[in-house]
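Let's take a friendly walk through a pocket, a helix and a cavity. The structure comes up next.

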Amino acid sequence: MDEIDVPPFFVCPISLELMKDPVTVSTGITYDRHSIEKWLFAAVPKNNTCPVTKQPLLPDLTPNHTLRRLIQAWCTVNASHGVQRIPTPKPPVDKTLIEKLLRDASASDSPSLQLRSLRTLKSIASESQSNKRCIESAKDAVSFLASFITTTVTVTTTTVLLDDVELEIKTSIAHEALSLLHSIQLSESGLKALMNHPEFINSLTKIMQSGIYESRAYAVFLLNSLSEVADPALLVNLKIDLFTELVQVLKDQVSEKASKATLRALIQVCPWGRNRVKAVEAGAVPVLVELLLECKERKPIEMMLVLLEILCQSADGRAGLLAHAAGVAIVAKKILRVSTMANDRAAKILLSVCRFSATHGVVQEMLQLGVVAKMCLVLQVDSGNKAKEKAREILKLHARAWRNSPCIPHNLLASFPMSS
């Protein structure tokens, strides 16, 4: 293949490889199905423009059978050069099959049949993005799966008459339905439909309370996606039990992806209503401090600091930070060690403490821990303009208590601002 000139119109504009399943999009450009589906549906954030023309793109993909046959013929002609003929792609699933499987699962009183139908749907979804879109667009599919989860979770958590076998099957049904909802990567309209479904969020909370690690991860992934599109009016009514379980997922380190999704979800929901107070009451602050002590990766540290800064906008959040022996120290330590964004968020946390929670003991502790010297250093090096502004304000707030302290190295005193 390396020695053969591939006709340029056989090559996908995204992958720059020979197309195996060419499809034409609404702008008239042809891509390999796998590449354009990944571009449209799997990217975070999702893309809605044509990669070549940059024009708005509809999600409709039309198979280009003529081009695919030309590619197959070209492969056959060049077989002697080691070119393998691309197989004829499997056609997308028929929506009538999806609706039949959903009806079978809904109408059946047999848990085994319900489980088999869900696993068949999950297998179909795994074959292509087109199949995932087909499942979501099937009549009442999202509502059915949400009802399946809420009903099954209610039965398994409130009924004491189930034997071990029945309980295991019912738990498996909830797991498969949840896994399917996660795997089809719901569109914004699909996610909003879930948010309007009674008791769905409470069911996810219960799954996180008693589910296996994998189910807990799926619940977190869905909650993260829901939090990105939900109406703030719905977010203000979230129960503290949900925050307790999200914090527990962080504490248990269910998986790296689950931890990141949990952080993103909490960042999305905490600014609304009393959610930051609920997160603090759920123990988020000491858990974040412990995670910061161990974490070495840039992105998770940035998210932890963003969330911690949101929580420290409340008096209870700042009290939680100060109550942890390593709270203030680890926040200051991350400055100049992670990124410009981390510098800004960490400095904002410290400024909030200095402005609203600075008792005499706290002021002296910040001096002894080297936080004041760190703020002086921030003013001298390339730390980002926002961090410099906050460091200058921190130093001005308690200049009288700090300026003449022997704890500040002489070479940093020159950058100490005058108090206002």
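How do the residues of the lining of the second largest pocket divide into nonpolar, polar and charged?

## The second largest pocket

The lining holds 5 nonpolar, 5 polar and 8 charged residues. Here Ala, Val, Leu, Ile, Met, Phe, Trp, Tyr, Cys and Pro count as nonpolar, Asp, Glu, Lys and Arg as charged, and the others, Gly among them, as polar. This is a predicted model, where local features need pLDDT of at least 70 and side-chain atom pairs pLDDT 80 or more, while totals for chains, interfaces and linings use all residues. Residues are numbered from 1 along each chain, and side-chain values use heavy atoms, without hydrogens and water.

Of the 18 lining residues, D21, R33, E37, E127 and S128 lie nearest the pocket's centre. α1 (33-42) and α5 (129-137) each give two or more residues, and α1 gives the most, with 5. Helices are DSSP runs (H or I, at least four residues), numbered from the N terminus.

## Helix α13

Buried residues (under 20% relative accessible area, 1.4 Å probe, protein chains only) of α13 include A258, L263 and V269.

## The largest cavity

On a 1 Å grid over the protein atoms alone, a cavity is a set of points where a 1.4 Å probe fits but cannot get out, whereas a pocket is an open set with protein on both sides within 12 Å along at least five of seven lines; lining residues have an atom within 4 Å of a point. A265 and V269 are among the residues lining the largest cavity, and α10 gives the most to that lining, with 3 residues.

Note on methods. Buried < 20%, exposed > 50% of the residue type's maximum accessible area, 1.4 Å probe, protein only.
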